[in-house]
Amino acid sequence: MINFVGAGPGAVDLITVRGKALLEEADLIIYAGSLVNPGLLDYAKADCRIMDSASMTLEEVLAAMKDAEERGEMTVRLHTGDPCLYGAIREQMDILDKWGIAYEYTPGVSSFSAAAAALKAEYTLPGVSQSVIITRTEGRTPVPERQTIIDYAAHGATMVIFLSTGLVEKLSKELIRGGYSADTPAAIVYKASWPEEKVFRCTVAGLAETAERAGLKNTALILVGPFLTGAYERSRLYDPDFSHTCRRAKEK
């Protein structure tokens, strides 16, 4: 059995209970060494084989999985955050399907959740933002048509931008060109939930200067939108004047 496991955003104790149990049972752990906290490997049993996929190709990772399967071993493929976001797991699962090798997928806490916790922020605020756009800046890897930063900025929603700290000057210009004002609140969260976590608050126009001053080039998320500051409406969920299936509105 192959188990794809979300390692969480960084902090060792933010892996799920199921994910931890699988790490403890694994005969082989293939982990994304450039992003996954190596402290998670302390959960591995003494005779577990551990491979760092940072320098491996897709073919090499799959060959290691297949070899372990032929040995009757259980493999954990440990991805950062939750593998559904920029995890490149679909291409692995498709080949395993072709080979007839069984696998399961255990989700993890995404770094975009850890970034909100670091900021003590809520992405969705009544009257401010009811949608969250998770995306990245186009660099060496292209993005599909009509899914650029400029396209998404036009919505004025909360934006969580991955894999873009090294392209932050371009990102800033495209956010403004797409519709955000230069003074729209923004933040950069470096290594959310790690011991070395840092939070930098700025504006869309100040993103590049902030990143340069802090020496940030990777492993950071960029957050954009008025959810970071300003007024918002009270949620109706707990409003005494609002009825729902669990509570009747109080009479005035």
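Modeller: Start with the record. The unreviewed UniProt entry annotates residues 1–207 as "domain: Tetrapyrrole methylase". Keep in mind that this is a predicted model.

Colleague: How much helix and strand is there over residues 1–207?

Modeller: That stretch is 28% helix and 21% strand. Its end C-alpha atoms are 44 Å apart.

Colleague: Now the open sheet. What is the order of its five strands?

Modeller: The order is 6-7-10-8-9, with mixed pairing. From one strand to the next, the twist averages 20°.

Colleague: Which strands stand at the edges?

Modeller: Strand 6 (132–136) and strand 9 (198–203) do. Each has a single partner strand, so one side of each has no neighbour in the sheet.

Colleague: And in which sense do strand 8 and strand 10 pair?

Modeller: Antiparallel, over five bridges.

Colleague: Which strands does helix 4 lie across?

Modeller: Helix 4 (residues 111–119) lies across strands 6, 7, 8, 9 and 10. It runs at about 65° to strand 10.

Colleague: New topic. What is the phi of tyrosine 86?

Modeller: Positive, about 55°, although tyrosine 86 is not a glycine. Most residues other than glycine have a negative phi.

Colleague: Where is tyrosine 86 found?

Modeller: In the loop between strand 4 (75–79) and helix 3 (90–99). Tyrosine 86 is partly exposed, at 39% relative accessible area.

Colleague: What about threonine 219?

Modeller: Its phi is also positive, about 45°, and threonine 219 is not a glycine. It lies in the loop between helix 7 (207–214) and strand 10 (220–224). Threonine 219 counts as partly exposed, at 29% relative accessibility.

Key: Residues are numbered from 1 along each chain as its sequence is written. This is a predicted model: local features need pLDDT of at least 70, side-chain atom pairs count only at pLDDT 80 or more; totals for chains, interfaces and linings use all residues. Side-chain values use heavy atoms; hydrogens and water are left out. Helices (H or I, at least four residues) and strands (E, at least two) are DSSP runs, numbered from the N terminus. Buried means under 20% relative accessible area, exposed over 50%, partly exposed in between (1.4 Å probe, protein chains only). UniProt positions are given in the numbering used here, feature names are shortened, and annotations may be inferred rather than shown by experiment. Two strands pair if DSSP finds at least two bridges between them. Axes are lines fitted to C-alpha atoms, for helices over the stretch in contact, and angles run from 0 to 180 degrees between N-to-C directions. Contact means heavy atoms within 4.5 Å.
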